[in-house]
Amino acid sequence: MLSYPLNFTFKIVAFNPQVSVSDSAGNEVFYVKQKALALKESIKVFSDKSQSNVLFNINANKIIDFSAQYNITLPQGDAVGSLKRQGMKSIWKADYRIFNPSGEQIGAIKEENPWLKVLDSFLSGIPFLSMLVNPSYIIEENGEAVFRLKKRPAVFEGKFVLEKIGEATDANESLLIQSVIMAMLLERLRG
């Protein structure tokens, strides 16, 4: 059982993007490592920084594409679900769909205010000013808001926090969290 809010921290400049995820007590619950220089996105989610226990793999189905699908699997290859970016629609306002292993949509990730991301993009190179703009995203399960992902002020690292604002079903909570991790990795590059 995860203790919310979850805190995501990562270095802004890194050859291999890596994210540490900790719970409300400061305990590391996930450690995420993205493969560098890969034609297709390839992410491994570990139980901690030692990287000895892989919990999930997240892999893109296409080489660089606005409408790529990110398949989430267990280490042995069993499907957990997938996240799909909504193509051209996501250029202005982040919009992702979350699907269970059967291909049924069970959730979505939507940006709350696209103007904040535009402003954040312009200010990201200016220390301290960029701390004033913090985009946020709503994560829905079956049309109900269950989480909010919000960028936090930080100077030399990236920080996001995932707050629980509703009740996710036990069956879908893990898929929603892994989808948030992938969307956060994609969105951090956009501002």
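This short talk walks through one predicted model, from the overall fold to a few charged side chains.

First, the ground rules. The model is predicted, so local features need pLDDT of at least 70, side-chain atom pairs count only at pLDDT 80 or more, and totals for chains, interfaces and linings use all residues. Residues are numbered from 1 along each chain as its sequence is written, and side-chain values use heavy atoms, with hydrogens and water left out.

Confidence next. pLDDT is the predictor's confidence in each residue, from 0 to 100. The protein averages 85. A score of at least 70 is reached by 77% of the residues. Strand β5, residues 54–60, has the highest confidence, at 96. Helix α1, residues 89–92, has the lowest, at a mean of 53. Where pLDDT is low, predicted coordinates should not be read in detail.

Now the fold. There are three helices and twelve strands. Both are DSSP runs, numbered from the N terminus: helices are H or I with at least four residues, strands are E with at least two. The twelve strands form a closed barrel, running in order from β1 to β12 with antiparallel pairing. Neighbouring strands of this sheet are turned by 20 degrees against each other on average, direction ignored. Those angles come from axes fitted to C-alpha atoms, and run from 0 to 180 degrees between N-to-C directions.

Look at β1 and β12. Strand β1 covers residues 6–11 and β12 covers 157–164. They run antiparallel, joined by six bridges. Pairing requires at least two bridges found by DSSP. Leu-6 has Leu-162 in β12 as its bridge partner.

Packing. Of the 191 residues, 47% are buried. Buried means under 20% relative accessible area, exposed over 50%, and partly exposed in between, with a 1.4 Å probe and protein chains only. Contact means heavy atoms within 4.5 Å. Of the contacts with a separation of 6 or more, 36% are between residues 24 or more positions apart.

How many salt bridges are there? The count is five. The rule is a side-chain nitrogen of Lys or Arg within 4 Å of a carboxyl oxygen of Asp or Glu. Here are some of them.

Arg-97 meets Asp-95 at 2.7 Å, N to O. Arg-97 is buried, at 13% relative accessible area. Asp-95 is buried too, at 6%.

Lys-110 meets Glu-140 at 3.9 Å. Lys-110 sits in β9 and Glu-140 in β10, residues 136–141, so the pair ties together parts 30 residues apart in sequence. Lys-110 is partly exposed at 31%, while Glu-140 is buried at 19%.

Arg-148 pairs with Glu-112, with the closest N and O atoms 3.0 Å apart. Arg-148 is in β11, residues 144–152, and Glu-112 is in the loop between β9 and α2; they are 36 residues apart. Arg-148 is partly exposed at 25%. Glu-112 is partly exposed at 36%.

Now a charge without a partner. Glu-173 lies in helix α3, residues 170–188. Glu-173 is buried yet has no salt bridge. Its nearest side chain of opposite charge, Lys-164, is 4.9 Å away. For charge, Lys and Arg count as positive, Asp and Glu as negative; His and the chain ends are not counted. Leaving out residues up to four places away in sequence, Glu-173 touches Tyr-4, Phe-147 and Ala-168.

Last, Asn-100. This residue sits in the loop between β8 and β9. Asn-100 is buried, at 15%. Beyond four places in sequence, Asn-100 touches Val-80, Gly-81, Ile-106 and Leu-175.
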